[in-house]
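Below are a few exercises, each with a solution worked through step by step.

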Amino acid sequence: MLPVLRRLLDDDPTAPRLTWYASDYASSGERVELSARVLATWVSKTANLLEEEFEVGPGSVVAIDLPTHWRTPVFQLAAWSTGAAVRTGADRSADVLVSSSVEALERDGSVERVAVSLAPLAVGFGAPVPAGVLDYARVVTGYGDTHSPLQAPGPEDPALELPDGSALSHAALAAAAARAGEGWPVGVRLLTDTAPGDVVRGPLAAWARTGSVVLTPDVALLPERVVAAERTTAVLTG
C-alpha cells in the first residue's frame, strides 16, 4: 500500500479524506465523500484492474484524461500503487489511456483504453463504449479490496510527468508533497480547485500532513454555507 494511504488509515480509517463537490452543486446537490478506508479500497480495486488487465507496473505510463473529480486522484494513486507513471491528458503514446471523453477514447485504438463515467452511482459508462475499450464502472467492483504491487518501483522510476517534460520519481513525489504542505497544520482541511496536474501541491500535500481535501472544479461556485460547513483550514485555488 502507498505510504500516504497507510498513514491516513493508521491515523483514522473512518475520517473523511476526500470530499468532492460538483461545479453545479447549488442545483444538483452532487457531493461525494470518501473516508480513508473507502479511498484505499477504491485505489486498491483500480490498481488491481490496471495490473491484471493491462500489466501496468514500473516503466508503464498511464495517461489520465479526467477533470477535477473525485475519481481522478483515485486513478492517480492507483497508478502509483502499481509503480507506474502518471501523465495528465489524452496522450495516445501512453500504455493506458483513462478518459471520460468518448472522442478521446475513439481517437486511436493502438493504446489500451479505460472509459470512466463521472456520473454519481454509475454502473456503466452511460454511452456506447468504443470497441476494445474497458468500461470501468462495470468491472471495477469485481477486483480485490487490497493491493500489493507485483513489482515495487525503483527509487528513480518516474511517477509523475510534468508539463515541462521532466518527471518526478516515486521517491521525489513524496518529498515534493511534504514540502508543498509545510505551511499547513497537521490535519489540514484543504479546500481546492487545483487541476489534476497539480495533485502534488493539492491533495498529496494535504494528505502528507495527515489531512483531508475538499475538491471542487471551481471554489468560487461553492455556496458560502457549504464552505462554512466543511470547516476548511486552508484554501488553494488553481
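Just after helix 8, Thr 210 takes a positive phi of about 55°. Helices here are DSSP runs of H or I with at least four residues, strands are E runs of at least two, and both are numbered from the N terminus. This is a predicted model, where local features need pLDDT of at least 70, side-chain atom pairs count only at pLDDT 80 or more, and totals for chains, interfaces and linings use all residues. Residues are numbered from 1 along each chain as its sequence is written, and side-chain values use heavy atoms, with hydrogens and water left out.

**Exercise 1.** Find where Glu 55 and Arg 231 sit, and work out whether each is buried or exposed.

*Solution.* 
- Step 1: most residues other than glycine have a negative phi.
- Step 2: Glu 55 isn't a glycine, yet its phi is positive, about 55°. Look for Glu 55 in the loop between helix 3 (36-54) and strand 3 (61-65).
- Step 3: Arg 231, also not a glycine, has a positive phi of about 55°. Its loop runs between helix 9 and strand 12 (234-236).
- Step 4: apply the cut-offs: buried is under 20% relative accessible area, exposed is over 50%, and partly exposed is in between (1.4 Å probe, protein chains only). Glu 55 has 71%, so Glu 55 is exposed. Arg 231 has 71%, so Arg 231 is exposed.

**Exercise 2.** Work out how the buried residues of helix 7 are arranged around its axis, and what they pack against.

*Solution.* 
- Step 1: list the buried residues of helix 7 (residues 170-180): His 170, Leu 173, Ala 176 and Ala 177.
- Step 2: look down the axis of helix 7. Those residues fall within an arc of 115°, so they line one face of the helix; the arc is that of the directions from the helix axis to the C-beta atoms.
- Step 3: recall the geometry. An α-helix has 3.6 residues a turn, so residues three or four places apart point the same way.
- Step 4: find the partners. The buried residues pack against helix 4 (71-82), strand 8 (158-161), strand 9 (167-169) and helix 8 (200-208).

**Exercise 3.** Decide why helix 8 counts as largely enclosed by the rest of the structure.

*Solution.* 
- Step 1: pick out its buried residues: Val 200, Gly 202, Pro 203, Leu 204, Ala 205, Ala 206 and Trp 207.
- Step 2: that makes seven of the nine residues of helix 8, so the helix is largely enclosed.

**Exercise 4.** Describe the surroundings of Asp 157 and Glu 230.

*Solution.* 
- Step 1: Asp 157 belongs to the loop between helix 6 (136-139) and strand 8. With 25% relative accessibility, Asp 157 is partly exposed.
- Step 2: skip neighbours within four places in sequence, and Asp 157 contacts (heavy atoms within 4.5 Å) Pro 58, Ser 169 and His 170. Pro 58 is 99 residues away in sequence, but the C-alpha atoms of Asp 157 and Pro 58 are 6.7 Å apart.
- Step 3: Glu 230 is in helix 9 (residues 224-230). Its 10% relative accessibility makes Glu 230 buried.
- Step 4: with the neighbours within four places left out again, Glu 230 touches Thr 19, Tyr 21, Arg 31, Arg 189 and Val 214.
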